[in-house]
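Take a look at the model first, and then read on.

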Amino acid sequence: MESLQGAQRAHLFVCTVANEKGEGCGAQGGTALVDGLKAWVKEAQLRDRIQVTRSGCLGQCQKSVAAVCYPHGQWLTELATGDLEALKAQLLAAAPPAAD
């Protein structure tokens with residue numbers, strides 16, 4: 001078994017669930033947020049520091065789009081596509097570059 005403890009990495013799970021009625025985090029912008037963040041991580045070559053993953057229901061549907069960022073376990077709710085730049089800054093702060 002390999003342990004990754006100490007790795008400077010932020011892992012954001014964003015709910016992208018949407019039902020046939022167009023309800024749920026995915027329909028409210030969760031899918032667009034994931035797509036935007038994944039494109040940014042790839043373009044900025046941040047894969048060694050930041051990972052963004054689509055998730056199933058996080059149980060916070062009443063609070064619009066929900067996400068949770070590990071390793072800190074920070075919950076983010078009431079997210080919207082307009083929060084993309086703020087999320088980028090938060091992820092960068094959560095996963096600083098490794099010290100040389």
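Helix H1 buries Gly-26, Gly-29, Gly-30, Leu-33, Val-34, Leu-37, Trp-40 and Val-41, where buried means under 20% relative accessible area, exposed over 50% and partly exposed in between (1.4 Å probe, protein chains only). The cover over these buried residues includes E1, E2, E3, E4 and H2. Helices (H or I, at least four residues) and strands (E, at least two) are DSSP runs, numbered from the N terminus.

This is a predicted model, in which local features need pLDDT of at least 70 and side-chain atom pairs count only at pLDDT 80 or more, while totals for chains, interfaces and linings use all residues. Residues are numbered from 1 along each chain as its sequence is written, and side-chain values use heavy atoms, with hydrogens and water left out.

**The sheet**
- The open sheet has 4 strands in the order E2-E1-E3-E4, with mixed pairing; two strands pair if DSSP finds at least two bridges between them.
- At the edges are strand E2 (50-55) and strand E4 (74-79), each pairing on one side only.
- From one strand to the next, the twist averages 20°.
- Strands E1 (residues 10-15) and E3 (residues 65-70) run antiparallel and are joined by 4 bridges.
- Phe-13 has Val-68 in E3 as its bridge partner.

**The helices**
- Helix H1 (residues 26-43) packs on the sheet and touches E1, E2, E3 and E4; contact means heavy atoms within 4.5 Å.
- The direction of H1 makes about 155° with that of E2; axes are lines fitted to C-alpha atoms, for helices over the stretch in contact, and angles run from 0 to 180 degrees between N-to-C directions.
- Helix H2 (residues 84-94) lies across E1, E2, E3 and E4, at about 175° to E4.
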